[in-house]
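Please keep the sequence and the model in view while reading.

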Amino acid sequence: MASEIVAAAPPDGYTLLMAAAPIAINGHLYKNLKFDVLTSFEPVSQVMSAPCILAVRPDSYKTMAELVAAAKKEPGKLSYSSSGAGGSQHLAGELLQQKAGIELIHVPYKGAAPALNDLLGGQVAMGFMTSLSSVPHFKAGKLRALAVAAPQRLPQLPEVPTMAEAGLPGVEINSWSGLLAPARTPPQVVEKLQREVAKALAAPDVREKLVAQGAVVVGGTSAEFANYLAREHGEYGKLIKAIKLSLD
C-alpha cells in the first residue's frame, strides 16, 4: 500500500504521501501494518478537513433532540449507513451511540456512494456523511443536516448546529487529508514542503475548488499537523477499544 511505500522510502523529500483519516485509524484495526503513523512519517501540513454530518431524509427528523428521543423510545430499531466497518462514518455512529446513550443498527456498505444512495432512498434512517459528499444534497433539499460533528459550524452550511450545540458535546469525527514525508526527512526539507503547501492553499482558485467540494481549508505548520495526528490516533484508539472492533 502507498503508506508502506512512503514509510520505507528514502527521507529526501521526493516521495510523499497524501494521507487521509484512515491512516490514524488502521493501526488500531490491523495488527500487521508495516508502519506506525506516529513514528514512520514526518508530518508536513494538513490540507483540508471534511467533517461528518448526521443526515436524514427531509421528511424525517427535524432536530437531533427528536432523533435521540425516537432512538431511546425504540432501542435497536433505527439504522444508520456507513462506507464500511472501521471507517470514519461507522465510528461517528458508534461515538453518537456512546454520547447519546442510544442503540442503533449499523449498516455497512462497500463505499460511501452506496451508503449515500440507500439513505437517499430511505432504506436506512440516517447516516454520517462527510461534507465532501453530502453538501450538494443538503443544498438541493434531498437530505436534511441535523448536526455537524466538528468544533465549529461548516461555512457551507452555517445554519446547521454542531453536535455540541445540539446537546451532544464530544461527537467530533472528521475526514481530512494532509501531506506526510518519510521519518527522518531533514527539518529544512519539511519546512520547504510546508511553505509550498501553504502557498498552494493560499491560491484563490485552489481554495475556491476545495470549498465548493464541501471542504474546510486548513493548512498550518508541521508541528500543528503532528499534534492533530497524535490526537486523532489517540481518540480513535480509545473508541475502537471501547467497542472491541478488530478487522484482522
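## Basis of the model

The model is predicted: local features need pLDDT of at least 70, side-chain atom pairs count only at pLDDT 80 or more, and totals for chains, interfaces and linings use all residues. Residues are numbered from 1 along each chain as its sequence is written, and side-chain values use heavy atoms, leaving out hydrogens and water.

## Helix α9

Helices (H or I, at least four residues) and strands (E, at least two) are DSSP runs numbered from the N terminus. Helix α9 covers residues 222-243. The expected span of a helix is 1.5 Å times one less than its number of residues; for the 22 residues of α9 this gives 32 Å, and the end C-alpha atoms are 32 Å apart, which agrees. Just after α9, Lys-244 adopts a positive phi of about 55°.

Residues are classed by relative accessible area as buried (under 20%), exposed (over 50%) or partly exposed (in between), using a 1.4 Å probe and protein chains only. Among the buried residues of α9 are Phe-225, Tyr-228, Glu-232 and His-233. The cover over the buried residues of α9 includes α2, β2, α4 and β7.

## Nonpolar cores

A nonpolar core is a set of buried Ala, Val, Leu, Ile, Met, Phe, Trp, Tyr and Cys residues joined through side-chain atoms within 4.5 Å. The largest such core has 47 residues, and Leu-54, Met-64 and Trp-176 are among those with the most contacts inside it. Helix α9 supplies the largest share of this core, six residues. Apart from it lies another core of 17 residues, including Leu-116 and Leu-157.

## Two individual residues

Ser-79 is found in strand β3 and counts as buried because its relative accessibility is 13%. Contact means heavy atoms within 4.5 Å; beyond four places in sequence, Ser-79 touches residues including Ile-105, Gln-123 and Met-126.

Asp-248 lies in the segment after α9 and is exposed, with a relative accessible area of 52%.

## Salt bridges

A salt bridge is a side-chain nitrogen of Lys or Arg within 4 Å of a carboxyl oxygen of Asp or Glu, and the count comes to five. One of them joins Glu-165 and Arg-153 (2.8 Å, N to O). Both residues lie in the loop between β6 and β7, so the pair ties together parts 12 residues apart in sequence.
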